[in-house]
Amino acid sequence: MSFKTLLDELVAQVPGALGAIIADWEGEAVDQSGRMDDYELKVIGAHKGIILHNLRDVVKRLDNDQLQELVITTGQAQTLVLPVTNDYFLVLTLERDALLGRALFEARRCIQALQQEIA
């Protein structure tokens, strides 16, 4: 199954999902889906990649552990950032009032499918 198909399914399964993007370790978009402007989604993906990279370093230094997922909540939106592998990550952007538990459940399922595609 293609990355695009998996991202389309993720966005369709999560009420309030605005967009999803898979990006590489440099923040370059690999594929994306959603009802957001493509450019805006790519910018969000790149910025969240920087945050993920920095937090991974901090967690590794402090706990000698690996970051599993990141939830960023602002006044207008929620954003989930989940590593797929060491080289790829998923960003799911949601409306502010979207159900976070449902989004995390579906994002984790998507991560498993993406990992199978990459392997």
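Analyst: Happy to! This is a predicted model.

User: What makes S4 (residues 77–83) and S5 (residues 88–95) a pair?

Analyst: Two strands count as paired when DSSP finds at least two bridges between them. S4 and S5 have 7 bridges, in the antiparallel sense, so they meet that criterion. Among the partners, Thr79 is bridged to Thr93 of S5, and Gln78 to Leu94 of S5.

User: How do you know that S3 pairs with S4 as well?

Analyst: By the same test: at least two bridges are needed, and 4 bridges join S3 to S4, again antiparallel. A hairpin through 3 residues links S3 to S4.

User: Why are S2 and S3 said to stand at the edges?

Analyst: The sheet is open and has 5 strands in the order S2-S1-S5-S4-S3, with antiparallel pairing. S2 (29–34) and S3 (70–73) each have a single partner strand, so one side of each is left without a neighbour in the sheet. From one strand to the next, the twist averages 15°.

User: Why is S4 called mostly covered?

Analyst: Buried means under 20% relative accessible area, and 7 of the 7 residues of S4 are buried. Ala77, Thr79, Val81 and Pro83 point one way, Gln78, Leu80 and Leu82 the other way, and all are buried. In general, side chains of a regular strand alternate between the two faces of the sheet.

User: Which helices lie across S4?

Analyst: H2 (residues 38–63) lies across S1, S2, S3, S4 and S5, at about 120° to S5. H3 (residues 100–118) lies across S1, S3, S4 and S5, at about 30° to S4. The buried residues of H2, including Leu41, Ile44 and Leu52, pack against S1, S2, S3, S4 and S5.

User: How do you know that the length of H2 agrees with its residue count?

Analyst: At 1.5 Å a residue, the 26 residues of H2 should span 38 Å, and its end C-alpha atoms are 36 Å apart, which agrees.

Methods: Residues numbered from 1 in each chain as written. Predicted model: local features only at pLDDT ≥ 70, side-chain atom pairs only at ≥ 80, totals over all residues. Heavy atoms only, no water. Helix = DSSP H or I, 4+ residues; strand = E, 2+ residues; numbered from the N terminus. Axes fitted to C-alpha atoms, helices over the stretch in contact; angles between N-to-C directions. Contact = heavy atoms within 4.5 Å. Expected span 1.5 Å × (residues − 1). Buried < 20%, exposed > 50% of the residue type's maximum accessible area, 1.4 Å probe, protein only.
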